[in-house]
Amino acid sequence: MSRGQEKTKKKSEERDVVLRLAVAAMIIWMVIGGIVFAVGVMNPREDPRKGLAKLAQMEEADTAEIDAQIQELEEAERAADEAWANRTVSEKFANSYVLGDSIAQGLYENQALDKSFVTAERDTGVCETEVSMIKNHVSKAIEIGPQVLFLAYGLNDIKAASGDAGIFISAYRHVIDELKEKLPDTKIYVNSILPVTQEVVDENELYGNISKYNKKLMELCEEEGVTFIDNGSLVKDEYYTEDGIHMTSDYYGEWVNHMAEVAEL
């Protein structure tokens, strides 16, 4: 066979291969097309608009349910607030106790709190050096073991410490440390020293140190991990008794509520 004939034969064979490949490809595409068509028939695609509408409906239902839950929680919270407000002072202070001086003594003298919740005496302070009232107060609190304990000292310490806030803080720290050691599960709250009238300061300049005492007392509370209660904003000029130091009964109702609010009783 000549070279020309060989080339002609080779070209013919190549055309046959290409033709067979083309036919095979066409068959494959036809099979794939059939499969796709069958799947489409068996699983018809929904209209996208119907899907969007369904999502919107679900979202609307979820939002309504969430709104209803929020409203239910708000109503429960309002009911709880009303229940708290309607409780008596004795109910709020059921597991609480107050230690203090003559200012705290006014709690039961003015019927703001039952005497069973308070140990307080005139002239008591944390700076006493002898076997004293403050030690008896601490012993009483340890004996009772309240869940919440309020301390209210300082006015008598103005004179006892000669206006030296450092002496006052050192003595108060000792009291707090002993209470924390003996009553580890009791929450302790320290009331601020109430301001006095300007007339009192004019008569005895030591009372001009009250703000400094309170500042140091607040720092002590932060160090000791107890809560400082600032009652200064509760005081009004008309609440002072004639001595310019003690308070009338109007003050005590606000003070009791303030302590209960801060301690979340």
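A polar contact is taken here as a pair of N or O atoms within 3.5 Å, one able to donate a hydrogen and the other to accept it. In this predicted model, a polar atom of the aspartate 157 side chain lies 3.0 Å from the backbone nitrogen of valine 126. Aspartate 157 belongs to helix 6, which covers residues 155–160. The residue is buried but has no salt bridge; lysine 159, the nearest side chain of opposite charge, is 12 Å away. Leaving aside residues up to four places away in sequence, aspartate 157 touches Gly125, Val126, Cys127, Phe168 and Tyr213.

Helix 5 comprises twelve residues (133–144). At 1.5 Å a residue these should span 16 Å, and the end C-alpha atoms are 17 Å apart, which agrees. Ile134, His137, Val138 and Ala141 are buried in helix 5. These residues cover an arc of only 95° around the axis and therefore lie on the same side of the helix. An α-helix has 3.6 residues a turn, so residues three or four places apart point the same way. The elements covering the buried residues of helix 5 include strand 1 (96–100), strand 2 (118–120), strand 3 (148–152) and helix 7 (165–182). Glycine 145, with a positive phi near 65°, follows helix 5.

Glutamate 178 is located in helix 7. Its relative accessibility is 28%, so glutamate 178 counts as partly exposed. Not counting residues up to four places away in sequence, glutamate 178 touches Val138 and Ile142. Glutamate 178 and valine 138 are 40 residues apart along the chain, and their C-alpha atoms are separated by 8.1 Å.

Technical notes
Residues are numbered from 1 along each chain as its sequence is written. This is a predicted model: local features need pLDDT of at least 70, side-chain atom pairs count only at pLDDT 80 or more; totals for chains, interfaces and linings use all residues. Side-chain values use heavy atoms; hydrogens and water are left out. Helices (H or I, at least four residues) and strands (E, at least two) are DSSP runs, numbered from the N terminus. Buried means under 20% relative accessible area, exposed over 50%, partly exposed in between (1.4 Å probe, protein chains only). Lys and Arg count as positive and Asp and Glu as negative; His and the chain ends are not counted. A salt bridge is a side-chain nitrogen of Lys or Arg within 4 Å of a carboxyl oxygen of Asp or Glu. Contact means heavy atoms within 4.5 Å. The expected span of a helix is 1.5 Å times one less than its number of residues. The arc is that of the directions from the helix axis to the C-beta atoms.
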